[in-house]
Amino acid sequence: MTTAEEILKKIQDEDIQLIDLKFIDLPGVWQHLTVHRSQIDADSFTAGVAFDGSSIRGWKAINESDMMMVPDPDSAWIDPFMKEPTLSLICTIKEPRTGELYERCPRAIATKAIDYLKSTGIGDTAYFGPEAEFFVFDDVRFDQTEHSSYYYVDSVEGRWNTGREEEGGNLGYKPRYKEGYFPVSPTDTLQDMRSEMLLSMASLGVPIEKHHHEVATGGQCELGFRFGELVQAADWLMIYKYCIKNVGKKYGKSVTFMPKPLFNDNGSGMHTHQSIWNGGEPTFGGDKYAGLSQNALWYIGGILKHAPALLAFTNPTTNSYKRLVPGFEAPVNLAYSQGNRSASVRIPLSGDSPKAKRLEFRCPDATSNPYLAFAAMLCAGIDGIKNNIDPGDPLDVDIYDLSPEELSKIPSTPGSLLDALKALEEDHDFLTVGGVFTEDFIQNWIEYKLDNEVNPMRLRPHPYELALYYDC
């Protein structure tokens, strides 16, 4: 644990003039305020640093705008993407009127989820390991007006560019659709950039593991880092996205974590590994199916039961549901299985060690706010354990080979963000029972998503609608 005094000493010893305070907004994007070191003292790490929260998406009205950012000393790192030496600190938001954690602060909600876990006696630590995929593009253009709408993305790796002449004679080596997994150079053109992304993360304290090309054509990739405690893992994921986007910019590239930026090829998910430990010991290893404990199976039961509502947080955009369709390795069927990537909950074949036993929820994507997504998944799992929710029998077959009649017996994910929000409206007691999420937060989330994403999308004609209906 790093103390405030150690951070202040670092600032003094290294003559750091600028402190960048980062915090996450409601949808899941980092915001920041840079202050001179004269504005930071020991009290800043408890009382916080004042700022105006009225313009932050989904937060307070202007008459309740005064908020406090409380920096976490353990989150300190020197930002490699700023010209002047700048110390970055990740913050949690407090209400200045009460001194309590702000109920709409996602990082505060993640902290409360761990407090709730401890209060149940089920465990004291929840480990999360997200695997966020992304696309790297060379050109991105889009617009929406009253009379026109379009988007255009391009990648030197795009299979659609096999006929392009602008490369001084086409150089070939474009990954085929759905065949971009693990090719070597020269088909994989992004090796050096991914290596720099990975090592940049390591320099900021993220425990790195690997990087590789992903399945889709057009520059789909993934980097890997080690699992961490819930809040820490969410912090690392935000550093992950920050590093990848900024290193990409350095190379003249544009990175997106949109689940489905390309039609008719694989989308980008965020498979999320998770387990509960207690007193330094794993609780998910046992003598049940796939070497799991009874608690682990009940946890899976909670995930599967509440999945339609969970997806309002783990898959929180209209674009999320263009990925969750059959035929693109997307886990649309709510079932569990060992080593089976066509199930929404997979138990990795990780050996006999109880420490390695975990489950992988394969539905989420990286448009999610990780603090909210991880907290919601943990709450669903806790509900499963507390209420002994049976996950049913495992499905140890390739789900995509089942007949329509067999598939009809397997529950599936919601077909749209609107459906997921309706499920959340009807099923959220498992989120509020421990005081992790408040009723105000959930209703505000639903209203925000409806007003800013679902309804605006419903109002706008889609270009493909003209292809379908213009000659009616």
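User: How do α5 and α9 pack against each other?
Analyst: In this predicted model, helix α5 (residues 294–314) and helix α9 (residues 417–426) pack at an angle of about 115 degrees, and their axes are 7 Å apart. Axes are lines fitted to C-alpha atoms over the stretch in contact, with angles running from 0 to 180 degrees between N-to-C directions. Helices are DSSP runs (H or I, at least four residues; strands are E, at least two), numbered from the N terminus.

User: Which residues meet there?
Analyst: From α5, Pro 308, Ala 309, Leu 311, Ala 312 and Phe 313 meet Ala 420, Leu 421, Ala 423 and Leu 424 of α9, where contact means heavy atoms within 4.5 Å. This contact has nine nonpolar residues, no polar and no charged ones. Ala, Val, Leu, Ile, Met, Phe, Trp, Tyr, Cys and Pro count as nonpolar, Asp, Glu, Lys and Arg as charged, and the others, Gly among them, as polar.

User: What about numbering and confidence limits?
Analyst: Residues are numbered from 1 along each chain as its sequence is written, and side-chain values use heavy atoms, leaving out hydrogens and water. Local features need pLDDT of at least 70 and side-chain atom pairs pLDDT 80 or more, while totals for chains, interfaces and linings use all residues.

User: Next, α7. At what angle does it pack with α2?
Analyst: Helix α2 (residues 106–120) and helix α7 (residues 370–386) pack at about 20 degrees, with 8 Å between their axes. The α2 residues in the contact include Arg 107, Ile 109, Ala 113 and Leu 117, and those of α7 include Tyr 371, Ala 375, Leu 378 and Lys 386. The contact residues of α2 with α7 comprise 13 nonpolar, one polar and two charged.

User: And how does α4 sit against α7?
Analyst: Here the angle is about 145 degrees and the axes are 9 Å apart. Among the residues making the contact are Leu 230, Val 231 and Asp 235 of α4 and Pro 370, Tyr 371 and Phe 374 of α7. By class there are 11 nonpolar, no polar and one charged.

User: What lines the second largest pocket?
Analyst: It has 33 lining residues, and Asp 72, Asp 74, Arg 107, Val 231 and Asp 235 lie nearest its centre. A pocket is an open set of points, on a 1 Å grid over the protein atoms alone, where a 1.4 Å probe fits, with protein on both sides within 12 Å along at least five of seven lines; lining residues have an atom within 4 Å of a point. Elements giving two or more residues are β4 (66–71), β6 (86–94), α2, β7 (125–137) and α4 (230–250). The largest share, six residues, comes from α4. The lining divides into 16 nonpolar, eight polar and nine charged residues.

User: Changing topic: where is the cis peptide bond?
Analyst: The bond from Ser 185 to Pro 186 is cis, with omega near 10 degrees. Pro 186 belongs to the loop between β9 (149–154) and α3 (191–203).

User: Which residue has a positive phi without being a glycine?
Analyst: Asp 15 has a phi of about 50 degrees, and this residue is in the loop between α1 (4–13) and β1 (18–24). Most residues other than glycine have a negative phi, and most peptide bonds are trans.
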